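Let's take a walk through a protein model together.

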Amino acid sequence: MLALVAVGGTRLVHGSLTSHDTDRATYGLVGIMLAASMVASLLLPGGVSSGLAKFVAFHRGAGDPAGAWAVHRFLSRLGLVAALVLGVGTALLVRWVYGLGPLDTASLALLTTTYSLYTTDKSAMYGHGLVPQYARIELGTSLLAVIATIAVIVTGETGYLLPLCLGYGLFVLLSRRQLWLRRRAEGAPAAGRFHRREVVTFVVLGSIGTLASAGFLQGTQLLAGQFADPAEVAYLVAAVALIAPLYFLPRALALALFPAMAGAHGAGDAGAVRRQVDGATRALAVTMTPVFLLALLVAPIVLVLFGGGAYADGAPVLRLMLCASFFGILQVPSVNALASGSPAQARIPVVSAVLGCLVGLILVWLTARPMGAAGVALGYLVGTAVTATIPVVVAGRIHRLTWTPALLRCVALLALGALVAQLEVMRGWSWAAGALGAGVLCVAVVVLYNDLRRMLTLVRARSGPPPVR
């Protein structure tokens with residue numbers, strides 16, 4: 001859990017410190033550079049990381065460690081080449097569009113390369129079962145990145161991307177050392193085999209799907225830079241930074257779920273996949289709904305704390321992005337259940353992501369000019385809802401799950417919170433606003449009471465003593 005906090009918290013703290021130290025236009029440009037690096041890391045490294053998580057765990061689940069290391073070796077080399085090429089290409093492109101200076105250009109190239117390698121190595125560690133080692137490295141390097149950010153700001157420097165480069169770069173070095181130690185301890189033969197065509201196809205499809213989903217989120221900042229006023233871009237950048245911890249939670253969950261599901265598929269245990277997707281989806285829906293309700297109600301206060309009073313007017317943008325994040329989180333177990341399965345099932349999340357991205361982009365094109373950053377956020381919300389609905393429905397039908405009433409209750413509560421947040425009394429802190437917000441949360445607890453009780457029962461059943469054999 002601490003590792004999950006570190007992953008999202010690093011970007012959140014970095015964004016808050018940077019926004020307080022700069023004006024909105026400068027912070028908007030920093031956000032654009034961060035978004036460009038993350039979008040680039042999804043072009044191929046995103047698919048490579050998914051391939052590592054799936055096929056390494058699949059071969060280990062099938063009792064074939066040699067095949068797992070063969071896949072790892074092939075995909076790691078592919079990821080390294082892609083990271084280096086994308087690092088240079090992204091920096092040159094953004095420099096041409098936005099006129100970056102030498103320091104920002106070099107920092108962006110380094111950040112894109114190190115972040116791309118970070119995503120692939122993290123998946124490799126999960127695939128090989130090195131979760132405790134990953135958590136320790138994540139915590140240490142995240143803390144280092146935060147300390148380095150403070151040092152940059154205190155010294156008055158402007159290399160805002162360098163602390164993140166340092167954190168991700170050190171993570172890559174330490175994680176690769178752990179992987180090398182695991183490889184040497186196992187002594188797996190070098191002649192492991194795997195289906196190269198299946199792996200390559202999955203990597204390509206995974207890259208397309210990840211780019212259309214996670215890439216769409218980061219791309220909202222680039223779209224805002226084209227359609228919105230420079231000061232408004234900062235609202236969207238701040239919103240993405242604030243929801244980052246919520247998005248890193250499902251990504252970290254996916255890192256754990258995906259190898260587990262792939263291993264279950266490798267072992268032929270369909271029942272394990274069904275239990276995992278059902279339990280994880282219900283848990284996310286029931287536990288995250290109150291969190292999102294609270295975030296919707298206190299959005300202006302959160303923005304003021306994050307970047308100062310000038311950011312309070314960005315509350316509508318943040319609320320739209322929060323609603324989109326809920327759908328993005330809700331789909332994670334279903335996407336992993338499908339992507340870790342047969343090639344036909346693995347194509348479903350890709351198709352849904354591309355379709356949702358296209359719908360969202362069309363809506364952005366129609367609304368961004370008159371609505372500015374809010375139009376971009378609205379397009380992202382609608383596109384994400386389309387992206388999420390398809391895999392949730394398909395996974396529910398494949399595994400014959402009866403979660404529809406629970407999910408609809410959660411969505412209805414979220415809609416209620418969004419409506420209440422529009423009231424005049426909720427524009428700032430007051431006793432009336434606090435009382436109204438507390439009332440909404442109480443309603444959520446009452447509506448979700450049976451779902452919470454069922455979830456706790458499942459948790460207690462799974463944490464009980466193992467059966468005697």
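A salt bridge is a side-chain nitrogen of Lys or Arg within 4 Å of a carboxyl oxygen of Asp or Glu. Before we look for some, a word on the source: this is a predicted model, in which local features need pLDDT of at least 70, side-chain atom pairs count only at pLDDT 80 or more, and totals for chains, interfaces and linings use all residues. Residues are numbered from 1 along each chain as its sequence is written, and side-chain values use heavy atoms, with hydrogens and water left out.

How many salt bridges does the structure hold? There are 5. One of them joins the side chains of Asp451 and Arg409, at 2.9 Å from N to O. This pair links distant parts of the chain, with Asp451 in helix α18 (residues 449-462) and Arg409 in helix α16, 42 residues apart. Helices here are DSSP runs (H or I, at least four residues), numbered from the N terminus. Are the two partners buried or exposed? Buried means under 20% relative accessible area, exposed over 50%, and partly exposed in between (1.4 Å probe, protein chains only). Asp451 counts as buried at 11%, while Arg409 is partly exposed at 32%.

Next, find Arg176 and Asp121, whose side chains meet in a salt bridge of 2.8 Å, N to O. Arg176 lies in helix α7 (residues 162-186) and Asp121 in helix α5 (residues 102-127), so the pair ties together parts that are 55 residues apart in sequence. Asp121 is buried, at 2% relative accessibility, and Arg176 is partly exposed, at 31%.

Stay with helix α7, where Glu186 and Arg182 lie 4 residues apart, about one turn of the helix. Their side chains form a salt bridge of 2.8 Å, N to O. Together with Arg60, these two residues are linked in a network of salt bridges.

Val200, Val204, Ile208, Val354 and Leu358 make a nonpolar patch of about 360 Å². Such a patch joins nonpolar side chains (Val, Leu, Ile, Met, Phe, Trp, Tyr) within 5 Å, from residues with over 30% relative accessible area and no salt bridge. Accessible areas come from the Shrake-Rupley method with a 1.4 Å probe. Which helix gives the most to the patch? Helix α8 does, with 3 residues. Leu358 sits in helix α14 and is partly exposed, at 49%.

Our last stop is Arg400, in the loop between α15 (373-398) and α16 (404-421). Most residues other than glycine have a negative phi. Arg400 is not a glycine, yet its phi is positive, about 55 degrees. Arg400 is also exposed, with a relative accessible area of 70%.

How values were computed
Helices (H or I, at least four residues) and strands (E, at least two) are DSSP runs, numbered from the N terminus. Patches are made of residues with over 30% relative accessible area and no salt bridge: like charges are joined within 9 Å, nonpolar side chains (Val, Leu, Ile, Met, Phe, Trp, Tyr) within 5 Å.
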